[in-house]
Structure formats: C-alpha cells, structure tokens
Amino acid sequence: MKVNKKLLAALSGAVMLLALSGCSDDSNKKLDNWAKGVCDQAAAQTKKINDANTAITQVNSNGKPQDVKSADSAAFQSISEAYKSLADIVSKAGAPPVKDGAKIQQDAVNDLNGLSTQYGTLKKQVDGLDTSDQGKFADGLKGVSNSLGKVSQNGEQALDSLRQGDVGKAMAKQPGCKQASGSSSASPSAS
C-alpha cells in the first residue's frame, strides 16, 4: 500500500488522543490522576489502531485486489472498534477536573464516537468494492482513500479540545498517551 505522508501526520494526531505536548502543574493531582486513568486505558486502543494501520501498509498495492480489500476492511473495522472503546474510556472517566470539564469530555466522546462511525462507513465502502476488475478496484480504492483523508482531517480537528489547556498538558505527561506519538496511518491506494 502506498503511504500518504500528509495523511500519516493527520491521523497520527487523531489517533493520539493524544500526541500531546507540554507538561502539567504537579500541584493538580486530580487532573493528573484523571489523565493517567484515561491514558493507561487508551494505550491498548491506540496500539490496536496503529496495528491496523500497519496491516494496511503491509498489503502490496500491486497484489491481489481481494487481499487488499480484506486487509483494508479488517483494519477499518478494528479502528472503528478502537475509537468506540476510546469514547467509552473517556465517558467512564468522567469529566476532567477543569473549567468546562464536562463539555470537554462530552465533545471528546461525541468526536470519538463519530470517528468510530466514519471508520465503519469506510469499511462498508471497501466491502462494496468490485475486485473482479483491477481498474475498477483501483478507482474505488482511490475513492476510499479520499474519504479516509477527510475522516483523518475531521478527527484531527475534532480532538483539538483534548490537546489544549490543562487537560492536554496533563495527558502529555502520561506514558499511555506518549507511546502513540510514533503512530502512523496508512492510505489505502492501488497503483
């Protein structure tokens, strides 16, 4: 699979509830504890997303259309499930102990659930591709790639609230959120 570097950067940010920068005030233990709880649980889901993206890149775009279709479909399903789990993690964590914490939490949950739905839609798109004709398949896969680019961009914008302010600073200090900073995304495409 051909990797789109712009897309890699965009989805890396979205995957990272998450690839956050800065450091938090050590006096805010409640916020640090909240961030630790979220990030510790999020690490497994982030790994799932990264593994799915890796699976996409490992399928040769010159390979059999059915193999590419199967890999992309499984990856999008896995990513959709991971974002749903991330939404559940943030929901169960409660509102972060900051000003407008409930709004930040609700926005993040809505955004993560939206990403889950969008990846589910990408899976359906891939599942509907005709693998009997290499040319039609390649054209269809380009359409999926374009949709993935939009999903990635939306995800990046949607999660900005978690990356800002005290919440972002507290999450940036947590190992579970830091480990995803090396994440990558793949763009399904056929030559």
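Colleague: Quick one on H2 and H7. Are they parallel, perpendicular or oblique to each other?

Modeller: H2 and H7 are oblique to each other. Their axes cross at roughly 60° and come within 8 Å. Angles under 35 degrees count as roughly parallel, over 145 as roughly antiparallel, 65 to 115 as roughly perpendicular, and the rest as oblique. Axes here are lines fitted to C-alpha atoms, for helices over the stretch in contact, and angles run from 0 to 180 degrees between N-to-C directions.

Colleague: Which hand does the crossing of H2 and H7 have?

Modeller: Right-handed. That label applies if the near helix is turned clockwise from the far one by less than a right angle, and anticlockwise gives left-handed.

Colleague: What sort of model is this?

Modeller: This is a predicted model, where local features need pLDDT of at least 70, side-chain atom pairs count only at pLDDT 80 or more, and totals for chains, interfaces and linings use all residues. Residues are numbered from 1 along each chain as its sequence is written, and side-chain values use heavy atoms, with hydrogens and water left out.

Colleague: OK. How many helices and strands does the protein chain have?

Modeller: Eight helices and zero strands. Both are DSSP runs numbered from the N terminus: helices are H or I with at least four residues, strands are E with at least two.

Colleague: How much of the protein chain is buried?

Modeller: Of its 191 residues, 47% count as buried. Buried means under 20% relative accessible area, exposed over 50%, and partly exposed in between (1.4 Å probe, protein chains only).

Colleague: Which residues touch the most other members of the largest nonpolar core?

Modeller: Phe76, Tyr83, Tyr119 and Met171, in a core of 41 residues. H2, H3, H4, H5 and H7 each supply at least two residues of this core. H3 gives the largest share, 11 residues. A nonpolar core is a set of buried Ala, Val, Leu, Ile, Met, Phe, Trp, Tyr and Cys residues joined through side-chain atoms within 4.5 Å.

Colleague: And H3 against H4? At what angle do they pack?

Modeller: About 165°, with the axes 8 Å apart. H3 and H4 are therefore roughly antiparallel to each other. Their crossing is left-handed. The contact of H3 with H4 has 13 nonpolar, eight polar and five charged residues. Ala, Val, Leu, Ile, Met, Phe, Trp, Tyr, Cys and Pro count as nonpolar, Asp, Glu, Lys and Arg as charged, and the others, Gly among them, as polar.

Colleague: Switching to cysteines. Which ones form a disulfide?

Modeller: Cysteine 39 and cysteine 177, with sulfur atoms 2.0 Å apart. The cut-off is a pair of cysteine sulfur atoms within 2.5 Å. The count by that rule is one disulfide.

Colleague: Where do the two cysteines sit?

Modeller: Cysteine 39 is in H2 and cysteine 177 is in H8 (residues 175-178), so the pair links distant parts of the chain, 138 residues apart.

Colleague: Is cysteine 39 buried or exposed? What about cysteine 177?

Modeller: Cysteine 39 is buried, at 0% relative accessible area. Cysteine 177 is buried too, at 2%.

Colleague: Why is the disulfide called left-handed?

Modeller: Because the torsion about its S-S bond is about -85°.

Colleague: Last bit. Where is lysine 169?

Modeller: Lysine 169 is in H7. It is partly exposed, with a relative accessible area of 36%. Its C-alpha atom is 9.1 Å from that of aspartate 32, which is 137 residues away along the chain.

Colleague: And serine 132, buried or exposed?

Modeller: Exposed, at 66%. Serine 132 is in the loop between H4 and H5.
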